[in-house]
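Colleague: I would like a close look at one part of this model. Please take it step by step.

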Amino acid sequence: MHTSLSDFDMPNEEQVHLAAESFRLLADPTRIKVLWALLQGESSVACLAELAGAAPTAVSQHLAKLRLAGLVKGRREGTFVYYSAANDHVHGLLKQALFHADHVDRDTSEDPVAAG
């Protein structure tokens, strides 16, 4: 079936792996809160911890993982590090995920696969 489509295209293995890793890292409520806060502007670990309702040590660990994945970046000022979203792609990704969450049909009484 797909071979009959002239413009059919699949992502390469590296793209698939990196996308899956990004989604895996976003599959945590604290990380979503931290990223959303960072989309509003640069912030410190202490401020992010307060906004996310989490311990600063936990937020720091989340930020380290998000930074290694290229989703956030840090800027050192003296002994403090201020974090921000890495780029506009992060904003789009998170905005779409939250938009989807607002619009997903939560009626699980019917199997969508069987109904489709």
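Is Y82 buried, exposed or partly exposed, and at what relative accessibility? Please describe its surroundings as well.

Modeller: This is a predicted model. In it, Y82 has 23% relative accessibility, so Y82 counts as partly exposed; the cut-off for buried is under 20%. Y82 belongs to the one aromatic pair that the structure holds. The ring centres of F80 and Y82 are 6.4 Å apart and the planes stand at 35°, so this pair is tilted. A pair of aromatic rings is described by those two kinds of value, the distance of the centres and the angle of the planes.

S44 sits in strand β1, residues 43-44. A polar atom of the S44 side chain lies 3.3 Å from the backbone nitrogen of C47.

Next comes helix α3, which spans residues 45-52. Its buried residues are V45, L48, A49 and A52. These cover an arc of only 105° around the axis, which means that they lie on the same side of α3. An α-helix has 3.6 residues a turn, so residues three or four places apart point the same way. A46, E50 and L51 are exposed on the other side of α3.

The buried residues of α3 pack against β1 and β3 (80-85), and also against α2 (29-40) and α4 (56-68). Just after α3, G53 adopts a positive phi of about 70°.

Terms used. Residues are numbered from 1 along each chain as its sequence is written. This is a predicted model: local features need pLDDT of at least 70, side-chain atom pairs count only at pLDDT 80 or more; totals for chains, interfaces and linings use all residues. Side-chain values use heavy atoms; hydrogens and water are left out. Helices (H or I, at least four residues) and strands (E, at least two) are DSSP runs, numbered from the N terminus. A polar contact is a pair of N or O atoms within 3.5 Å; within protein, one must be able to donate a hydrogen and the other to accept it, and residues adjacent in sequence count only if both atoms are side-chain atoms. Rings of Phe, Tyr and Trp (its six-membered ring) pair if their centres lie within 6.5 Å; planes under 30 degrees apart count as stacked, over 60 as edge-to-face and the rest as tilted. Buried means under 20% relative accessible area, exposed over 50%, partly exposed in between (1.4 Å probe, protein chains only). The arc is that of the directions from the helix axis to the C-beta atoms. Contact means heavy atoms within 4.5 Å.
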